[in-house]
Amino acid sequence: MIRKETLESAVFDAIRRGTTILPEDVKSAFERAICKETSKTARFGLEKTLESMNLSKQRDNLLCADTGWPIFYVKVGEECVVEGGFTEIEKIIKEQVAKATHAGYLRKTMKHPLTGADPGNNIGMNIPGITYKLVKGNELEIAYVAKGGGSECFGGTRHRMVAFADGIAGIKKCVIENFIAASKAGAICPPSVLGIGIGGTANMAANLAKEAACLRTVGSHHPETDIRNLEIELCEAINELGVGILGAGGKVSVLAVNIEYAYTHIAGIAVAMSSNCMVARRGANLIKADNTIIPLKAPNWFDREEN
Amino acid sequence: MATYYLNIPLKEEDVTKLKIGDIVYVSGDVFTGRSRLQKYVFDEKNQLGFSIENKNVFIHVGPVIVKENGEWDMKSFMPTSSIRFEKWGAKSVQQWDLRMIIGKTTMGQETMNAMQKYKCVHVSPQAVSPNLWLDSLTIQDVHLFEELGSIEASWQLKADKLGPFVVDIDCYGNNLFDGVTEKVEENKRKVFEKIGIPADFSYTKLY
């Protein structure tokens with residue numbers, strides 16, 4: 001049985017690591033971006049960002065002041081038993097979000113949408129956001145994502161219904177034009193980790209896009225060749241636009257383009273985009289049935305071999 | 001592109017010499033705020049309640065500051081997107097006698113007009129590097145903490161060579177991002193051709 005205190009530690013640690021330690025895959029992507037960047041000022045910006053992010057690990061402080069919307073992805077093994085029942089997961093996530101807020105690992109950012117009332121602990125109606133997935137086995141995986149305000153608010157998340165008649169050209173155009181619109185003046189904090197959701201209903205596509213942006217290992221590709229090729233093509237195409245770090249011009253505008261898809265209705269193809277900021281933050285822990293907590297380099301949300 | 005180390009209060013000639021793309025570092029007293037502060041003052045007609053005399057640099061930021069052993073401790077500091085404060089931009093420039101706004105992204109035409117009229121510039125970071133700024137800032141005081149909360153309160157800070165920031169709106173009506181946008185549009189045409197999006201492509205109208 002997974003004990004409450006194990007869950008508490010796993011959740012708090014995922015938040016703390018998520019907001020203070022840059023995931024290794026994102027760090028590697030940053031280092032590659034610095035090598036690729038041809039603009040001197042943009043390279044300087046990338047280097048200073050990496051320097052600051054490295055300091056956060058040493059100083060145990062935030063990678064970015066905006067810790068964003070707190071969202072969690074929980075993968076539950078069907079044989080897993082949680083002390084107090086599965087509803088304890090949400091209760092503990094909320095408690096730990098409040099605790100992390102008081103400890104300064106999360107900024108007091110969540111407010112009531114109408115009154116602006118600030119609970120002071122990032123807890124409120126439907127917040128933090130939690131998505132569950134049932135899988136085989138007896139383990140529990142908890143991934144915390146800090147979804148930054150800039151990358152979410154300024155058109156970083158949007159969708160369009162594309163007709164089958166418009167085909168792949170329509171999908172590509174939609175992605176590139178949406179990225180250009182959202183990255184103006186650096187609003188979404190590029191170079192972005194761009195998540196694209198294709199197919200399903202509009203909200204399914206938006207959820208897939210968010211998972212692609214926040215949960216995929218940066219630098220990995222979708223296992224299906226057609227999707228993989230589209231990821232590579234769009235990534236290269238966007239990096240020829242000249243948006244650069246914080247939109248001030250430069251070679252590297254995205255660190256990755258990650259695509260997830262669903263089958264869709266013959267009526268149309270939802271194409272959703274979700275951009276994650278350059279400081280793409282997440283922390284994930286795997287809890288074994290014997291209550292061992294294993295810190296993960298990246299969530300294993302998609303349950304597949306990535307290449 | 002030149003680099004300038006400027007002392008606050010900024011004089012008119014400090015900012016009129018700045019050109020798009022110049023790099024600046026500032027030293028002296030600054031104050032912070034987000035939309036809640038501007039709404040509180042300009043829409044809800046409250047007095048600012050503290051003196052901003054000789055503090056003509058305003059920072060759009062919601063810093064993370066906690067109290068530890070009775071002392072304020074700044075955990076993180078990253079200027080935030082200025083465009084969301086456009087509604088009060090011109091009023092802030094005029095009524096608070098600002099010479100510089102430190103923010104992120106850009107401001108709209110109305111604020112740009114005010115900046116041109118009253119000689120004020122907008123500068124943005126070139127990086128997301130909160131740790132490099134924490135070392136340049138000391139907390140002096142905080143106002144409206146109870147009313148607005150820790151993020152949206154106005155923190156009074158002393159800056160010591162705070163930067164580097166790039167000038168993205170000067171006081172002559174120029175905006176760095178206009179140039180980038182033009183270039184991106186030009187590049188977009190080439191990219192579309194390369195990946196097989198016809199120049200005359202138009203979406204089937206679904207609704």
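**Exercise 1. The interface of chain A and chain B**

How much area do chain A and chain B bury between them, and what percentage of it is on carbon and sulfur atoms? Describe the side of chain A that touches chain B.

*Conventions.* The model is predicted, so local features require pLDDT of at least 70 and side-chain atom pairs pLDDT 80 or more, whereas totals for chains, interfaces and linings use all residues. Residues are numbered from 1 along each chain as its sequence is written, chains are lettered from A and ligands numbered from 1 in the order in which they are written, and side-chain values use heavy atoms, with hydrogens and water left out.

*Solution.* 

Step 1. About 4,400 Å² is buried between chain A and chain B, and 63% of this area is on carbon and sulfur atoms. Buried area is the accessible area (1.4 Å probe) that two parts lose on being put together, summed over both.

Step 2. In terms of contact (heavy atoms within 4.5 Å), 55 residues of chain A meet 51 residues of chain B.

Step 3. The polar contacts come next; each is a pair of N or O atoms within 3.5 Å, and within protein one must be able to donate a hydrogen and the other to accept it, while residues adjacent in sequence count only if both atoms are side-chain atoms. Across the interface, 15 residue pairs are in polar contact, both residues being at pLDDT 80 or more.

Step 4. On the side of chain A that touches chain B, at least two residues each come from helix H3 (40-59), strand E4 (157-162), helix H6 (167-183) and helix H8 (225-238) of chain A. Helices (H or I, at least four residues) and strands (E, at least two) are DSSP runs, numbered from the N terminus. H3(A) gives the most, with 10 residues.

Step 5. There are 4 salt bridges between chain A and chain B, a salt bridge being a side-chain nitrogen of Lys or Arg within 4 Å of a carboxyl oxygen of Asp or Glu. Lys194(B) and Glu240(A) form a salt bridge, with their closest N and O atoms 2.8 Å apart.

**Exercise 2. Asn175(B) and an aromatic pair**

Is Asn175(B) buried or exposed, and which residues does it contact? How are the rings of Trp72(B) and Trp155(B) arranged?

*Solution.* 

Step 1. Asn175(B) occupies the loop between strand E9 (154-169) and helix H7 (176-194) of chain B. Its relative accessible area is 10%, so Asn175(B) is buried.

Step 2. A polar atom of the Asn175(B) side chain lies 2.8 Å from the backbone nitrogen of Phe177(B). Neighbours within four places in sequence aside, Asn175(B) is in contact with residues including Ile20(B), Thr106(B) and Asp168(B).

Step 3. Rings of Phe, Tyr and Trp (its six-membered ring) pair if their centres lie within 6.5 Å; planes under 30 degrees apart count as stacked, over 60 as edge-to-face and the rest as tilted. The count is 16 aromatic pairs over all chains. The ring centres of Trp72(B) and Trp155(B) are 5.0 Å apart and their planes at 85°, so the pair is edge-to-face.

Step 4. Trp72(B) is partly exposed, at 29% relative accessible area, while Trp155(B) is buried, at 0%.

Conventions. Buried means under 20% relative accessible area, exposed over 50%, partly exposed in between (1.4 Å probe, protein chains only).
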